[in-house]
Amino acid sequence: MRPSVGPLSKMAVDPYLSGGLCFRFRDQNPEVAIEGLPIFSYTGSREQTVMAEVTEDPVTAAIAAAAEDREPQREEMPGLDDQWNQIENGESGRERPLRAGESWFLVEQRWYKQWEVYVQGGDQDASTFPGCINNAELFEDQINWCLKEGLMEGEDYVLLPSAAWHYLVSWYGLEPGQPPIERKVIELYSIPKVEVYPVKLLLVQHGDTDLVLTAQFSLTDSVDQVLRTAREQFLVDAQEDTRLWVKKSEGYLDRLFNTHVTLLDAALESGQLIIMEIRNKDGSWPSTQLRVVSRMSEEDEDFQGQPGICGLTNLGNTCFMNSALQCLSNVPQLTEYFLDNRYLEELNFRNPLGMRGELAEAYADLVKQTWSGCHRSIVPNVFKNKVGRFASQFLGYQQHDSQELLSFLLDGLHEDLNRVKKKEYVELCDAAGRPDQEVAQEAWQNHKRRNDSVIVDTFHGLFKSTLVCPDCGNVSVTFDPFCYLSVPLPVCHKRVLEVFFVPMDPRRKPEQHRVVVPKKGNISDLCMALSKHTGIAADKMIVTDVFSHRFYKLYQLEDPLSGILDRDDIFVYEVSGRIEPIEGSKDDIVVPVYLRERTPAQDYNNSYYGLILFGHPLLVSVPQDRLSWEGLYNILMYRLSRYVTKPTSDEEDDGEEKGEDDSSDEDEKDQTPGPSTRGNLRDSELEQAGPSSGATRTCSFLLDNGFHTSHWPPKRRRKQLFTLQTVNSSGISDRITSPEEVDTQPYIAMDWEPEMKRRYYDEAEAEGYVKHECVGYVLKKAPVQLQECIELFTTVETLEKENPWYCSSCKQHQLATKKLDLWMLPEILIIHLKRFSFSKFSHEKLDTLVHFPIRDLDFSEFVIKPQNESAPELYKYDLIAVSNHYGGIRDGHYTTFACNKDSGQWHYFDDNSVSPVNENQIESKAAYVLFYQRQDIVHRQSQPRSSSDLPSPACGSIPNTEFMDIN
């Protein structure tokens, strides 16, 4: 008897136990019995049955030929004992172990048992002769010759190796018309088993579901075998791109991205619908067109333009993405890599650092549409959604940086197309005194052991990094790969600040000034610069940040200027004293003063009043001998005299008479606390109020010198325009103010009644100011050469405190000196101009004009690797694309200049608008990311026309930055 084939052998014959997965089988059609040819059979509908190809074998081919001839030529039958030994025992018999790839055959159980009885009976002429092999009981019908479901080995059939089957057929023959039932041995989870039941896959074309082909495959067949079978049966042209979808049991369609995996790994089940989709001529897929409402006119549908000259629709603040994509699309070797479908063989679906090949496929679809020549512009929403799926920072429709997206895209494409399927651990080694050539070669080989893709081939270079310890002098040399160069721009060490100067003379209006100060200077530098404009000594100035009618901050002279942002409202007050008085000093006291207006309460009983800040706050210098409420009132009246009208004598008399008539009422009010103002300032003002520096001891000093109460006047003996009250830095005062609380509230508030403010306060005059002649000054920035930026990139620098280097000799972190040098340059060199500067206190965009060459950018002076003097083109580059940014740091617009790889013509890409441009229009202050191509790589098919021959964008194809629409 044949030995057991393992616990999975019985599972293999039951399609339900095996999860319905397909098993390869061969010739079951009596019309065709030659191995290696597909078999078709037509049913009442348009359904067809297709057999997958199997490996041809000489023995089975002979048997198939015998079955085809219907009358096989029989050999002379040996003795019964010899028959038993050849079929049951030995290497050729049922005892033969299963080996992957071999063929085994099914024989009906009853016929085989009859043969056993005949052979074991010992009488060769007995009536128990079994006759021709007849497997009719194993088939559903005599037309399609499909196996019955649920057949069990040992009950319904036995399995014979190829040689044993050949012997039986040669001795007894096969029932005319019946095909042999051949099955392959495969390994599942390292266990060999015979595939008995294939899984039937229903193949249809996208858009034509009437024609259904039923194909049967082995579990070990790849998905690519399914794709090739579908292409052959649906007669798809070899140049056309196709892809497969599988319909899941839940009803949705799922892409079969990885065609290199087996059907077992793809979890395909019997009866599943496989849909083959053919790419449209315009580069799009029919399934994606269903998701986008087409608004193309008949004229657009018939459009045929220059490949690559195609705009990208702005989906909402996606100009940064469009700019990066247009630059990358015009890199010749990368675009041809995708157009030629070379990426299909290198998709890496199992890279944990990648995106399962989905990003690469989405980008390939975009390139094929862009370079089909069938679109004026396309909608990149599928690509946008794919990027947002794998990089959450790009979800939504916020503005981003084109260089940041470019960095993510290059890294994602690299991991999706990485030829290294399993990354090995590589230990980074220091130079340790070895020659640079040896260390660099080792570093590059180590990099390629883990990273090998078209992105590495095209964009990756190598630079040398040298770190020197400031203490022990230890030198560390490493070679590191790079994908792009982020080069700094030469920075001007000065900045222009716009400030308002408030003189002590009440007759003079505040003055607007623009002063030039050091970027890393202090407040004292600002005062010195302003002193030159005003003639006021720097020590007589106090610099403040005014926000929402209050002092957000009172600066000290030693405070850094980096704390002042360009958007801050800086007021500089002329004073004659100090905010923090010195005990025993006779200097004037500087008192911060706010203006508040009393407003009626909104509650039902009008139980209290609200107070709202208005106007500009003041810093008032008060002589110590006038340090009283009455003195402060008179000083404030003098300081406000330009825009506050003093009541006439008649109006003062009216106030005094009224005060006498109401004296009893005033006395009663004096016995109760003044009106509470807690919580009556607007919420936004309270939230935005910031800490104010200075003078927490002022109030106690004031109280000791005559301010014996927290509010004034206690009684209204004469007509007053406003009342005075102590408040905190936010302009808030409590209903009850104790001396201890007053000590923490050094600010004074002038509270105005609405009617008094309307009659005596001139708001227009109060807001008035004059512009100093320096306001028209603009700090001119001299243009720089791109080579200067590269020199800065290779300049020695000292590491920052936040990023120290661990010295292996000192065994501690050090602020080492660092120098970068270029060792090996890539085919495509991306240069990122670092226009955006970010620090703790400031954000700035540098709009310096950088002169960069269109042709012959020479890097020979920057590459320290020994050069090949016979090939100077290895170090010369030509410009092929530029990503531009117009606008400021918080808003802006991205566009692209790019040179078409086929025509050599430069074009300007502004979202969905594309127009030709001259080369002399490419250089601008907006240039942000530059793409250069090495001269030895790709030579243009035709030289570009001269600038005089190129059409001029007279219709506004180049943006005017003064009228630029921004997102």
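Trainee: What does contact mean here, and which residues does Tyr 363 touch beyond its neighbours within four places in sequence?

Mentor: Contact means heavy atoms within 4.5 Å. This is a predicted model, where local features need pLDDT of at least 70, side-chain atom pairs count only at pLDDT 80 or more, and totals for chains, interfaces and linings use all residues. Residues are numbered from 1 along each chain as its sequence is written, and side-chain values use heavy atoms, with hydrogens and water left out. With neighbours within four places set aside, Tyr 363 is in contact with Leu 325, Leu 328, Ser 329, Leu 334, Phe 338, Phe 383 and Leu 413.

Trainee: How many residues does the largest nonpolar core have?

Mentor: A nonpolar core is a set of buried Ala, Val, Leu, Ile, Met, Phe, Trp, Tyr and Cys residues joined through side-chain atoms within 4.5 Å. Buried means under 20% relative accessible area, exposed over 50%, partly exposed in between (1.4 Å probe, protein chains only). Tyr 363 is among the residues with the most contacts inside the largest core, as are Leu 328 and Phe 338. That core has 52 residues.

Trainee: How many residues are in the second, separate core?

Mentor: In soluble globular proteins, nonpolar side chains tend to be buried together. The second core includes Phe 463, Leu 485, Ile 854 and Ile 922. Its size is 39 residues.

Trainee: Is Val 246 buried or exposed?

Mentor: Start with its place: Val 246 sits in strand 8 (residues 242–247). Helices (H or I, at least four residues) and strands (E, at least two) are DSSP runs, numbered from the N terminus. Beyond its neighbours within four places, the contacts of Val 246 include Tyr 252, Leu 268 and Ile 274. Its relative accessible area is 1%, so Val 246 is buried.

Trainee: How many salt bridges does a search of the whole structure find?

Mentor: Side chains of opposite charge can pair when their charged atoms come close. A salt bridge is a side-chain nitrogen of Lys or Arg within 4 Å of a carboxyl oxygen of Asp or Glu. The search finds 43.

Trainee: Arg 350 and Asp 265 meet in a salt bridge. How many residues apart in sequence are the parts that the pair ties together?

Mentor: The N to O distance is 3.9 Å. Arg 350 lies in the loop between helix 10 (332–339) and helix 11 (358–370), and Asp 265 in the loop between strand 9 (253–255) and strand 10 (273–278), so the pair ties together parts separated by 85 residues.

Trainee: Which residue forms a salt bridge with Arg 598?

Mentor: Arg 598 is in strand 22 (residues 588–599), and its partner is in the loop between strand 26 (747–752) and helix 23 (754–760). Arg 598 counts as buried at 10% relative accessibility. The closest N and O atoms are 3.1 Å apart, and the partner is Glu 753.
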